[in-house]
Amino acid sequence: MYYIDPHVHMISRVTDDYERMARMGCVAVSEPAFWAGFDRGSVDGFRDYFRQLTEFEPTRASWSGIQHFSWLCINAKEAENVSLSREVIAMIPEFMDKPGVLGIGEIGLNKNTKNEATIFREHVDLAMKTRELILIHTPHLQDKYKGTRMIVDMLLEDDRIEPERVLIDHVEEHTVRLAKEEGFWCAMTLYPVTKCTPSRAADIIEMYGDDRIMVNSAGDWGPSQPLAVPDFIQELRKRGMPDSKIKKIVYDNPLEFFRQSRNFKFTAPDTCVEEREEVLE
Ligand SMILES: [Zn+2]
């Protein structure tokens, strides 16, 4: 089955991972900007990172026939450095019209601090000025419910927000309703230990339905599994879900959300070669 991984940090994965994902049916990935494992020291560090996301990663993905899209921001962990965050936010527009840039993300909260909230709001303001899509990271473990509540409240305070253009990521059993009920999209991250396992994600689909929801591997440099979406597909098949319904979650839903971005130029994998060449021209 063809699938899209809508949240995966490919810069921390090897080329073999792209190849294995392609063999399992992956046709596109979207890669949000994230923490590098260390705090970057200058706006130029981010400029180079954004070049990597928008120039080299799409090339490397294409070697395996995968289409690569990206999201730009300074992440919540580095938001404590408010002056650097503001320099990065001021620089982001240099990249917003590059091919494949879908919007602002993954912004959000980490420890739910005042500085994180300030920088979250400033990213949202940037996104609203040019009507970008927004992809949101919600905090880990004990901070998750409170952080998700704070994020939803900040979004609702801003009357420019169109909920169907916002994706709230890393939802779990206790936050999925909070994310979905105001009309936002949401996503579940399939991690080997924390966040959701494929079977917990399948339970959530059974309880809350398959509208405005997607799954991702969030593969990164920590313990993660870039083939987690195929594991989820397999879990749903074992439960007897027909492929047409599974496809909605792993392919149709990400497409529906991404299509709202003016930079989303997608070539469907079943397009014949002649049509593909036309699209590429
Ligand atoms: Zn991430």
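Modeller: Just after α8, Gly240 takes a positive phi of about 90 degrees. Helices here are DSSP runs (H or I, at least four residues), numbered from the N terminus. This is a predicted model, where local features need pLDDT of at least 70, side-chain atom pairs count only at pLDDT 80 or more, and totals for chains, interfaces and linings use all residues. Residues are numbered from 1 along each chain as its sequence is written.

Biologist: What makes residues of helix α8 count as buried?

Modeller: A buried residue has 20 or more other C-beta atoms within 10 Å of its own; 12 or fewer means exposed, in between partly exposed, with C-beta atoms placed from the backbone. In α8 (residues 228-238), Ala228, Val229, Pro230, Phe232, Ile233, Glu235 and Leu236 are buried. Their cover includes β1 (3-5), α7 (198-208), β8 (213-216) and α9 (243-258).

Biologist: Why are α7 and α8 called oblique to each other?

Modeller: Their axes, which come within 9 Å, cross at roughly 55 degrees. Axes are lines fitted to C-alpha atoms, for helices over the stretch in contact, and angles run from 0 to 180 degrees between N-to-C directions. Under 35 degrees is roughly parallel, over 145 roughly antiparallel, 65 to 115 roughly perpendicular, and the rest oblique. So α7 and α8 are oblique.

Biologist: Which residues make the contact?

Modeller: Contact requires C-beta atoms, placed from the backbone, within 7 Å. Pro198, Ser199, Ala201 and Ala202 of α7 meet Ala228, Asp231, Phe232, Glu235 and Leu236 of α8.

Note on methods: Helices (H or I, at least four residues) and strands (E, at least two) are DSSP runs, numbered from the N terminus. Two residues are in contact if their C-beta atoms, placed from the backbone, lie within 7 Å.
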